[in-house]
Amino acid sequence: MRLSKAALAILISQCLNVFAAPSNQKDGHQNNKKTLDPYPGKPRLTFKRDGTFKLTVFSDLHFGENPWDWWGPEHDASSVALMGTVLADEKSDYVVLNGDLITGENTFRENSTTIIDQIVAPLNKAKVPFSSTHGNHDNQPNITHAEEIKREQKVSRFSYTRSAPKGVGGDFGPGNYWVPIYRNNKDKAPVLILWFFDSRGGFSPNPDSTRVPDWVDASVADWIVSETRDMEKAWGPAKSRAAVAFVHIPPHAIQAVQSTVTPEKNPGMNADILGSGSVQDSSAQNMDKPFWDALNSKVKNLHAVISGHDHGNEWCAREPTKDVIFCFDKHSGYGGYDSPGWGHGVRNLLFHTPDPKAGVETWIRLEAGETRARVILDKHYGK
Ligand SMILES: *[C@@H]1O[C@H](CO)[C@@H](O)[C@H](O)[C@H]1NC(C)=O
Ligand SMILES: *[C@@H]1O[C@H](CO)[C@@H](O)[C@H](O)[C@H]1NC(C)=O
């Protein structure tokens, strides 16, 4: 058994908390509060001692393309190298894989999830905590979001990916969960919640495969309501916590935002015109509205909603009807559709302080280290 000093300290503090619990029972008020910890067996995630927290997003890695050909495996080797370079340079406190980890159309039933092992290897090597959302290419006849989640949990102790309770997320959309980030290890309440949502899409498994809806299911709206209520009960008012949300396919409302984007106001590449299939609910029937309404009304101090899916876009912009900032990721993988000059990289988010009201710095980092589109996400951004 290999435990870092930090992990050992956490274990000890957890044991002490167990023994300390009975004394809390004298305090009836405290005892009524529900404790809320979705990761009882894992190290708590915290801001650094200097009060900062850095998060790096890899998106649209598209591993596993044409394994019978030369170029697919070569792309995967390039994506692994990119991950290694970025992780070594950035020394991130948390990593998000924001969907389309695998191009499921090209996988074989007997070994489709083993591709996950290749993807998490650089993260395991860097010993960085991380979690994933899943995309339309992760639901295909020979692979599902649920299978990818199970495999990731099995092959990485650094994974914080979870599945929502049964009945939440709709068919083939299990990946709805949140991860708490604390200021200090022993704090009662977190200062930042990372929310992850499953926008589904793609196709159902097995040979009789049919199309899966491409939006976050309405059941997730009710779940957001109940989770945020539990958080308030356990930790106090929502205003004392900040949040960031990750979902692979952009919410439908983002399509209308693109026509308002300018290079001055919204730096970053804007090369992918959003059309059919580019945002959730491509049929435009308001199907992602329950999710979008619940997220924006219940989750307070929401710094940004962050999506991939459209590989040619990097901008952040304010969605005016909800007054919320939306950001695109950077296409990270050598797999997936591409265009000469787009390049590959990541989006970084740097929290300078745990203050939930403070702005968050974000920028695009390309593989070789070049950075661009550096902005501060705060109440003035994009207005
Ligand atoms: C799924 O996997 C099976 C078994 O390897 C293979 O024969 C089939 O072609 C795959 N299906 C698709 C749609 O890729
Ligand atoms: C999966 O199996 C197929 C054929 O059955 C093979 O071509 C491919 O290389 C295997 N992929 C992995 C990741 O093991």
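Predicted model: local features only at pLDDT ≥ 70, side-chain atom pairs only at ≥ 80, totals over all residues.
Start with helix 3, which covers residues 71–90. It has 20 residues and reaches 28 Å from its first C-alpha to its last. That is close to the 28 Å expected at 1.5 Å a residue. Its buried residues are H75, D76, S79, L82, M83, V86 and L87. Seen down the axis of helix 3, these buried residues fall within an arc of 120°, so they line one face of the helix. On the other side, A77, A88 and D89 are exposed. The buried residues of helix 3 have several packing partners. Two are strand 2 (53–58) and helix 4 (115–126). Strand 11 (345–351) and strand 12 (360–366) also pack against them. Just after the helix comes K91, with a positive phi of about 50°.

Now move to helix 6, residues 219–235. Helix 6 has 17 residues. From first C-alpha to last it reaches 24 Å, close to the 24 Å expected at 1.5 Å a residue. Buried here are V220, A221, W223, I224, E227, T228, M231 and W235. Viewed down the axis of helix 6, the buried residues fall within an arc of 155°, so they too line one face of the helix. They pack against strand 5 (177–182), strand 6 (192–197) and helix 8 (289–298). S226, R229, D230 and K233 are exposed on the other side of helix 6. G236 follows the helix, and its phi is positive, near 95°.

Why does R229 count as exposed? It has 12 C-beta neighbours inside 10 Å, and a residue with 12 or fewer is exposed. R229 and G312 are 83 residues apart along the chain. Their C-alpha atoms are separated by 38 Å.

The largest nonpolar core contains 78 residues. Which of them touch the most other members? They are L194, W195, A245 and F326. Take F326 and leave aside its neighbours within four places in sequence.

Finish at ligand 1. The residues around it are F108, R109, E110, P141 and N142. This shell divides into 2 nonpolar, 1 polar and 2 charged residues.

Conventions: Residues numbered from 1 in each chain as written. Chains lettered and ligands numbered in written order. Core = buried A, V, L, I, M, F, W, Y, C linked by C-beta atoms within 7 Å. Buried ≥ 20, exposed ≤ 12 C-beta atoms within 10 Å, placed from the backbone. Contact = placed C-beta atoms within 7 Å. Near = placed C-beta within 6 Å. Nonpolar A, V, L, I, M, F, W, Y, C, P; charged D, E, K, R; others polar. Helix = DSSP H or I, 4+ residues; strand = E, 2+ residues; numbered from the N terminus. Expected span 1.5 Å × (residues − 1). Arc of directions from axis to C-beta.
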